[in-house]
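This report describes a predicted model. Please read the text alongside the sequence and the coordinates.

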Amino acid sequence: MATERVGVGETQPPNAPPSGGRMDRLAHASMRVPFRLKVAAVWIVIFAILIFIFAAAKFDTEFMRSRADFILGGLQWTIIVALVSIVLALILALIGAFGRLSRNPIAYGVSGFYTSFFRGTPLIVQIFLITFALGPLVQNLGVSKRVQEFFILDPFVAGIIALGLNYGAYMTEIFRAGIQSVSHGQSEAAEALGMSYRQKMRRVVLPQAIRVIIPPTGNDFIAMLKDTALVSFAGVAVAQAEIFRRAELAGTEAFRPLEAFLLAAAAYWALTAVFTFFQARLERRLSTGYVRAGDEPKSKTRVPTPGPAGPIDVTAAEIPIEHAGPAGLPGQGH
Amino acid sequence: MMQRIRIRGLFAMVAVLAMVAAACGGDETDGAGSGGGNAGEGVCATHPADAGDLLAEICSKGTITVSTDPAYPPQSSLNVETGEFEGFDIDVATEIANQLGVDIAWEEPNWNAIIAGNWQGRWDMSVGSMTVTVERAEVLNFSPAYYFTPAAVAVPTDSSVSSVDQLSGTTVAVCAGCTYDHYLSGTLDIPGFDFGVSPIAEPVVKGYDTDSTAIQAVLSGQADAVMSALPTLEKAIDKGREIKVVGEPLFYEPLSVAIDKSSELDPTSLVDEVSAIVEEMHADGTLSELSMKWFGEDLTVSAE
């Protein structure tokens, strides 16, 4: 008996074989379970497997427990480095983006060189260069002693500058794309109203560009949290050691680098999760006015499409109405 | 409309944070902050203050800055509980500072920056178990050797290897760029020493960032054996790593205190004074004592 499984307004894919009652009942039962719960179940299974592997590997958990405090103490420095670098990067990105969009040959050329060099060389090489090569370079220029000393940078500062420059280059392109994404009609209208370039940018273009810029920028910040680890290669003092450096120190002291780095990895993962959560909230906040109430910005319901034929076509069976989103049917949690 | 004031405020806050961080960045020293502070005693008491050389500057500052890499127990490591550096190198450097009559401050640059010379005055002296090699002697001044490290090979405890010749053609883990790396590749060049041919023929050498990682590599099966300083291997065994030393030490390398040749101020007097201090420490048994404390054996006399 061929059963017709349909979604709303959907017809059975032509190639689907007729299926028995049990598969149907399973599909219907699964329909009632919220999507989020299913995803949670998947995560639980994955974590169970990870814990099993972890236990089987026989890591020295005693060591990990005793060093957890020390390694996590680097958290504040990781965050400080990332925050200061991202501010530097944002400033550079804004300037760089306007340079890339400019018709002035100097601005265009310099910003082009900046993005090319700092995207084209590895971050760790940049950290080394800024920490160790600036000093001798300036020395050979024959400037005064005080200026020379200024350029022998403290490794912590040098690392932040390198991170800022590097990410600024990547974010220049993000900002440029964001600015260009605002339709030209907006710019023309602003000019028609008599706004100067500055006013137009500040009041019309940039506010709209921000919405496009925030997701990749947030992404970059989350990536930067991990790149702060490279700053340790500049020779940062222990007093300012961030998570990775502390893991390295604790691990080498006890000849257990593996356990120490596992702890560091867990710390970075938790940090990333926290910031991802905040970024999602920021995105949602910024998208009011662009997204209709009743839609979810990130659609968790896959609109049933005819997929490859199979005994259970769960996507086809899910009726979108059950997951209408925040402003949807009563009883739906968010 | 963009909430400009709030965002500006955020920027301002983070900018202030940046300045605070940078300010804190420069000032803090760590590890063992002082060396007993006998200002006015020791070498600095007799060295003319107007000599205008590196030693005079150190004496007038009252502090000597020493570089160390706390990734190498028992020579230098960070005691996580006390937050101080500890190790054989740390003690030797502290004693040298005492003899000079100054306090000690620590820097932790990358090892490659130390052996490359041209320190830019960031630190004055390196007491880091550095082997004197011909290339390094071009950019650094060395004191007489303050101890000799035997280099040995270790394998996992359950390995069937019992002598070093059985390791020919196998993979050996070393810390990259260390003397063991050069020794296995046949390029180790120490003035005054002849090492002959390495008993491990045609090894596949794998370099890692520290000895600790190299030992981990052997335990993880990435390499068949690890070559490192004997005290380091013994410390690892002490801390419960399942490796065993194979055979006798392959060579002894002389390790010295290093001072930058290209420093702005003339380093000659500092080199001379430090060399004299090292020889005195040999003569009065200080070095032997420290060696027994950290290595369990006296490595300060050449066993050649």
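## Overall make-up of the chains

The model is predicted, and local features are reported for residues with pLDDT of at least 70. Chain A has 13 helices and zero strands. Along its sequence the pattern reads α-α-α-α-α-α-α-α-α-α-α-α-α. Chain A has 334 residues, of which 31% count as buried. When contacts in chain A between residues at least 6 apart in sequence are taken, 72% of them link residues at least 24 apart.

Chain B contains eleven helices and twelve strands. Of its 304 residues, 47% are buried. In chain B, 75% of the contacts with a separation of 6 or more are between residues 24 or more positions apart.

## Packing of H3 and H11 in chain A

Helix H3 of chain A covers residues 61–72 and helix H11 of chain A covers residues 243–253. The axes of the two helices are 8 Å apart and the packing angle is about 145°. H3(A) and H11(A) cross in a right-handed sense.

On the side of H3(A), the residues that meet H11(A) are A:Arg67, A:Phe70 and A:Ile71. H11(A) contributes A:Ile243, A:Arg246, A:Ala247 and A:Ala250. Sorted by class, this contact holds five nonpolar and two charged residues, with no polar ones.

## Packing of H5 and H8 in chain A

Another helix pair in chain A is formed by H5 (residues 105–120) and H8 (residues 155–181). Their axes come within 8 Å and cross at roughly 120°. Angles from 65 to 115 degrees count as roughly perpendicular and those over 145 as roughly antiparallel, so H5(A) and H8(A) are classed as oblique to each other. The crossing of H5(A) and H8(A) is left-handed.

From H5(A), the contact uses A:Ser111, A:Tyr114, A:Thr115, A:Phe118 and A:Arg119. From H8(A), it uses A:Leu165, A:Asn166, A:Ala169, A:Tyr170, A:Thr172 and A:Glu173. The residues of this contact comprise five nonpolar, four polar and two charged.

## Domains of chain B

The domain assignment divides chain B into domain 1, made of 43–147 + 255–295, and domain 2, made of 149–253. The C-alpha centres of domain 1 and domain 2 of chain B are 27 Å apart. Contacts between the domains involve 14 residues of domain 1 of chain B and 13 residues of domain 2 of chain B.

On the domain 1 side of this contact, the elements giving two or more residues are strand S2 (71–72), strand S6 (125–131) and helix H6 (134–139) of chain B. The residues on that side of domain 1 of chain B are ten nonpolar and four polar, with no charged residue.

## Helix H9 of chain B

Helix H9 of chain B spans residues 230–238, and its buried residues are B:Leu230, B:Pro231, B:Thr232, B:Leu233, B:Lys235 and B:Ala236. The buried residues of H9(B) pack against both strands and helices of chain B. The strands are S2, S8 (147–156), S11 (225–229) and S12 (243–260). The helices are H8 (211–219) and H11 (286–295). After H9(B) comes B:Gly240, with a positive phi near 95°.

## Residues with individual features

Most residues other than glycine have a negative phi. A:Lys58 is not a glycine, yet its phi is positive, at about 55°. A:Lys58 sits in the loop between helix H2 (35–57) and H3 of chain A. A:Lys58 counts as exposed because it has 7 C-beta neighbours inside 10 Å.

B:Glu202, also a residue other than glycine, has a positive phi near 50°. The loop that holds B:Glu202 lies between helix H7 (179–185) and strand S10 (204–208) of chain B. B:Glu202 has 9 C-beta neighbours inside 10 Å and therefore counts as exposed.

B:Arg136 and B:Ile115 are separated by 21 residues in sequence, and their C-alpha atoms are 6.4 Å apart in space.

Technical notes:
Residues numbered from 1 in each chain as written. Chains lettered and ligands numbered in written order. Predicted model: local features only at pLDDT ≥ 70, side-chain atom pairs only at ≥ 80, totals over all residues. Domains from an automatic or database assignment. Contact = placed C-beta atoms within 7 Å. Helix = DSSP H or I, 4+ residues; strand = E, 2+ residues; numbered from the N terminus. Nonpolar A, V, L, I, M, F, W, Y, C, P; charged D, E, K, R; others polar. Axes fitted to C-alpha atoms, helices over the stretch in contact; angles between N-to-C directions. Left-handed = near helix turned anticlockwise from the far one by under 90°. Parallel < 35°, antiparallel > 145°, perpendicular 65-115°, else oblique. Buried ≥ 20, exposed ≤ 12 C-beta atoms within 10 Å, placed from the backbone.
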